[in-house]
Amino acid sequence: MSLTLTVDGERWRAHLRATAEAYPGLVPVAKGNGYGLGLGRLARKTQWLAEHPPEGGAGPDAIAVGTYHELPEVASRFDGDLLVLTPWRPFSPAPDATSDRADGRALARRVIHTVSRLEDLAALRAADPDARFVLERLTSMQRHGLGAAELREAAETARARRLAGVALHLPLADGTRVAEVQRLMVDVVAAGLEETTVWVSHLGADELATLRSAHPRTSFRPRVGTALWLGDRGALRVTATVLDVHRVERGDRFGYRGRRAPRAGHLVIVSGGTAHGIGLTAPTGELSLRSRAASVARGGLDAAGLARSPYLVAGRQAMFAEPPHMQASMLLLPDSVEPPAVGDELEVRVRFTATDVDVVRIA
Ligand SMILES: *Cc1c(COP(=O)(O)O)cnc(C)c1O
């Protein structure tokens with residue numbers, strides 16, 4: 001009855017360990033919907049990696065969360081440091097270091113804040129003189145961060161205090177990232193921070209090796225989410241359940257708006273809808289102009305104005321009969337396709353970071 005994510009546990013754990021081995025200093029990222037797997041599960045797996053370090057190496061001693069709101073779910077399942085990726089602001093719901101509750105104070109001590117503006121550095125330290133933090137340097141992403149001169153100024157006041165290093169958030173675009181980090185390292189060195197930790201995103205193991213040999217006194221720590229949790233797609237499978245199948249003739253009415261079936265075939269009602277993040281536009285399709293033209297020539301359903309769904313029937317993406325409902329979706333199969341039976345499981349091609357499944361099953 002549900003949208004289910006089935007994880008091949010052994011294969012997935014093997015991939016997690018291989019990734020930890022390939023990325024010394026790995027900082028697993030657990031944010032948002034937990035990459036489809038859930039924040040709690042990612043925190044537990046990070047703890048598991050810490051307890052099962054790669055041979056001759058160390059397991060993760062820190063995890064990164066996206067927001068302060070995500071701290072409680074992660075903090076209770078992983079013992080190490082908690083890096084918050086969203087920069088601290090005076091209005092951030094950060095844990096209260098002066099709480100009269102011991103567990104509140106203990107949580108505050110485990111947090112590493114991200115500081116991306118000079119005024120926030122002063123404000124954070126006024127709010128919590130013992131706060132640990134990284135200084136974020138603005139990259140070509142232009143999301144958050146200090147400029148070169150601001151980094152120098154922040155380093156002056158921050159040095160020898162609770163500074164946990166410099167953070168860089170890099171774009172995904174390939175090829176230029178090492179060069180960009182090299183340029184930014186000039187600012188890091190100029191700020192006297194070469195001997196700190198530089199926390200980076202979106203660098204491959206070989207790119208990190210290049211940087212490490214160029215800056216042997218710097219400790220580079222890669223923050224990795226997607227390549228860690230979702231790096232072996234073959235270990236993960238999302239399926240939906242067929243809830244109903246109805247025969248329709250051309251012109252029969254169906255759906256919320258009483259639309260008429262453009263062809264004879266079968267309406268297939270499957271689990272999964274907008275509440276799960278099932279979108280009208282399928283994330284992966286072979287919707288090239290050529291395949292669309294071929295479909296028009298065949299009188300295919302997309303030629304009738306139907307949108308491709310992420311549900312696979314007989315190895316192909318079925319068409320939505322109408323936009324997904326809250327917890328179910330209606331597909332329309334042409335007569336040429338044998339309909340599945342009630343209770344059958346259909347594979348669904350989803351974007352994990354935008355999908356909330358009902359059940360995660362570790363097989
Ligand atoms: C999300 C995020 C990451 C991890 O990104 P992935 O592509 O999932 O590896 C790293 N750093 C920051 C600042 C992020 O927001």
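1. Basis. The model is predicted, with local features requiring pLDDT of at least 70 and side-chain atom pairs counted only at pLDDT 80 or more, while totals for chains, interfaces and linings use all residues. Residues are numbered from 1 along each chain as its sequence is written, and side-chain values use heavy atoms, with hydrogens and water left out.

2. Domains. The protein chain splits into domain 1 (9–229) and domain 2 (233–362); the bounds come from an automatic or database domain assignment. Their C-alpha centres are 40 Å apart.

3. Domain interface. Contact (heavy atoms within 4.5 Å) involves 11 residues of domain 1 and 12 residues of domain 2. About 870 Å² is buried between domain 1 and domain 2, 62% of it on carbon and sulfur atoms; buried area is the accessible area (1.4 Å probe) that two parts lose on being put together, summed over both. Of the area that domain 1 buries against domain 2, Arg-11, Asn-33 and Arg-41 supply 43%, more than any other three residues.

4. Helix geometry. The axes (lines fitted to C-alpha atoms over the stretch in contact, with angles from 0 to 180 degrees between N-to-C directions) of H5 (residues 118–127) and H6 (residues 148–158) come within 10 Å and cross at roughly 20 degrees. H5 is therefore roughly parallel to H6 (angles under 35 degrees). Helices here are DSSP runs of H or I, at least four residues, numbered from the N terminus.

5. Helix contacts. Leu-118, Leu-121 and Arg-125 of H5 meet Glu-150, Glu-153, Ala-154, Thr-157 and Ala-158 of H6. The residues of this contact comprise four nonpolar (here Ala and Leu), one polar (Thr) and three charged (Arg and Glu).

Notes. Helices (H or I, at least four residues) and strands (E, at least two) are DSSP runs, numbered from the N terminus. Angles under 35 degrees count as roughly parallel, over 145 as roughly antiparallel, 65 to 115 as roughly perpendicular and the rest as oblique.
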